[in-house]
Amino acid sequence: MTDMIERVARALYENFAAEPNDKSFAALANTWRKPARAAIAAMRDCTPEMLDAGSAAHPAGGYVRETLLTDIIECEWVAMCDAALEEK
């Protein structure tokens, strides 16, 4: 289980559980890990807005949509999501 899956599971739990606390999260953690994995997987495919933001923030600078840079940004994002989803 990756740290990111745990972070997302805890965030889901804290936002949706009736009375969140550390003890009940520990008992229910597995229940929240499946939706956490689904949330991370759903974000794996970049939207045009995500590519625009990544392009604008990139050190190569500026809006460079439909270029090699957006391909690189998308590959990096997908690799990061895949790493978050890996079982450890």
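The conversation below sets values beside definitions, one label at a time.

Modeller: This is a predicted model, in which local features need pLDDT of at least 70 and side-chain atom pairs count only at pLDDT 80 or more, while totals for chains, interfaces and linings use all residues. Residues are numbered from 1 along each chain as its sequence is written, and side-chain values use heavy atoms, with hydrogens and water left out.

Biologist: How many helices and strands does the protein have?

Modeller: There are 4 helices and 0 strands, so that the order from the N terminus on reads α-α-α-α. Helices (H or I, at least four residues) and strands (E, at least two) are DSSP runs, numbered from the N terminus.

Biologist: What makes the span of α1 agree with that of a helix?

Modeller: The expected span is 1.5 Å times one less than the number of residues. For the 14 residues of α1 this should give 20 Å, and the end C-alpha atoms are 20 Å apart, which agrees. For α4 the 18 residues should span 26 Å, and because its end C-alpha atoms are 26 Å apart, that helix agrees as well.

Biologist: Which residues of α1 are called buried?

Modeller: Ile5, Val8, Ala9, Leu12 and Tyr13 are buried in α1, where buried means under 20% relative accessible area, exposed means over 50%, and partly exposed lies in between (1.4 Å probe, protein chains only).

Biologist: Why are these residues said to be on the same side of α1?

Modeller: They cover an arc of only 135° around the axis, which puts them on the same side of α1; the arc is that of the directions from the helix axis to the C-beta atoms. On the other side of α1, Asp3, Arg7 and Asn15 are exposed.

Biologist: What covers the buried residues of α1?

Modeller: The cover includes α2 and α4, the latter being residues 68–85. In α4, in turn, the buried residues are Leu69, Thr70, Ile73, Val78, Cys81, Ala84 and Leu85, and they pack against α1, α2 and α3 (48–57).

Biologist: How many aromatic pairs does the structure hold, and what makes two rings a pair?

Modeller: The structure holds 2 aromatic pairs. Rings of Phe, Tyr and Trp (its six-membered ring) pair if their centres lie within 6.5 Å, and planes under 30 degrees apart count as stacked, over 60 as edge-to-face and the rest as tilted. Tyr13 and Phe25 are 5.2 Å apart centre to centre with 55° between the planes, and this pair is tilted. Tyr13 lies in helix α1 (residues 3–16) and Phe25 in helix α2 (residues 22–42), so the pair ties together parts that are 12 residues apart in sequence. Both Tyr13 and Phe25 are buried.

Biologist: What is the pair of Tyr13 and Trp32 called?

Modeller: Tyr13 and Trp32 form an edge-to-face pair, with 5.9 Å centre to centre and 75° between the planes. This pair links distant parts of the chain, with Tyr13 in helix α1 and Trp32 in helix α2, 19 residues apart. Both Tyr13 and Trp32 are buried, and Tyr13, Phe25 and Trp32 form one aromatic cluster.

Biologist: How do you know how many disulfides to count?

Modeller: A disulfide is a pair of cysteine sulfur atoms within 2.5 Å, and by this rule the count comes to 0 disulfides. For Cys75 the nearest cysteine sulfur, that of Cys46, is 9.1 Å away, and Cys75 is in no disulfide. For Cys81 the nearest cysteine sulfur is again that of Cys46, at 7.3 Å, and Cys81 is in no disulfide either.

Biologist: Is Cys75 buried or exposed, and which label does Cys81 receive?

Modeller: At 55% relative accessibility Cys75 counts as exposed, whereas Cys81, with a relative accessible area of 7%, is buried. Cys81 has its place in helix α4, and, not counting residues up to four places away in sequence, Cys81 touches Ile40, Met43 and Arg44, where contact means heavy atoms within 4.5 Å.

Biologist: Why is Ala41 called partly exposed?

Modeller: Ala41, which is found in helix α2, has 37% relative accessibility and therefore counts as partly exposed. The C-alpha atoms of Ala41 and Ala84, 43 residues apart along the chain, are separated by 9.1 Å.
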